[in-house]
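Hello,

Here is the structure I promised to pass on. Please have a look at it first, and then read my notes below.

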Amino acid sequence: MPTPITSLALGPDWLAPESLISTFGLLGILVIVFAESGLLIGFFLPGDSLLFTTGLLVADGKYITYPLWLVCLLITIAAIAGDQVGYLFGRKVGPALFRRPNSRLFKQENLIKAHDFFEKYGARSIVLARFVPIVRTFTPIVAGVSRMNYRTFVIYNIIGGILWGTGVTVLGYFLGQIPFVKTNIEYILIAIVAISVLPIAIELLRVRLAAKRGTTAAERAAAEEAIRDTRRHYGNH
């Protein structure tokens, strides 16, 4: 018998994973995964908790009656396709994105975070970013802006899409059959969200601690020069 899922308030009710799945079904899941993987407007969508809940509902036979292998295959394809679109968009629009003004659905800081993430981890960032909200959406776009080798991007995109799209869904499928998980699913979803945003929280804490410690005049001058170099680089393209 299907197990009801009670969601604690993590945001608007209509963004709750079960609400989205019950309303839009598998097609809605695929659209959300595609949008969050590479469209600028997809950064606010519930990726990790949505996939985990999808696996849970597949196990319960609630709302989704397709076999697990098909659900995982379609989600993985949607995730890979989303990143491909993000890469091509970044490659076409290019550095103009870094000069785009802020709006309700676009914040320069999100793009900068993804750029820093990409610079730090290189090609691996395409895989790692899958598990980091917001960064997940902007990293393939930054890869396109930076004109990352296309074949390399495709390889890492496929790996990341499989690990995230299939991995999180399968995790939800098998853990969802454990009685403790079933009866405490709302807390499990909160834990997933907390773990997924942990890298961002750590980075914010690091920045705050650095601000409290203060920086030397030389460090401030070096940072300002780096910012100017970045702006000049993108402004000349």
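A word on naming: helices (H or I, at least four residues) and strands (E, at least two) are DSSP runs, numbered from the N terminus. This is a predicted model, in which local features need pLDDT of at least 70 and side-chain atom pairs count only at pLDDT 80 or more, while totals for chains, interfaces and linings use all residues. Residues are numbered from 1 along each chain as its sequence is written, and side-chain values use heavy atoms, with hydrogens and water left out.

Let me start with a loop. Y63 sits between α2 (47-60) and α3. Its phi is positive, near 70°, although Y63 is not a glycine. Most residues other than glycine have a negative phi. Y63 is partly exposed at 41% relative accessibility (buried means under 20% relative accessible area, exposed over 50%, partly exposed in between, with a 1.4 Å probe and protein chains only).

Now to the rings. Those of Phe, Tyr and Trp (its six-membered ring) pair if their centres lie within 6.5 Å; planes under 30 degrees apart count as stacked, over 60 as edge-to-face and the rest as tilted. The whole structure holds three aromatic pairs. One of them is tilted: Y87 and Y150, 5.5 Å centre to centre with 50° between the planes. This pair links helix α3 (residues 68-93) to helix α7 (residues 150-175), across 63 residues. Y87 is buried at 0% relative accessibility, whereas Y150 is partly exposed at 39%.

Y87 also stacks with F153, because their centres are 4.4 Å apart and their planes are at 25°. F153 is buried too. Together, ring pairs join Y87, Y150 and F153 into a cluster.

Best wishes
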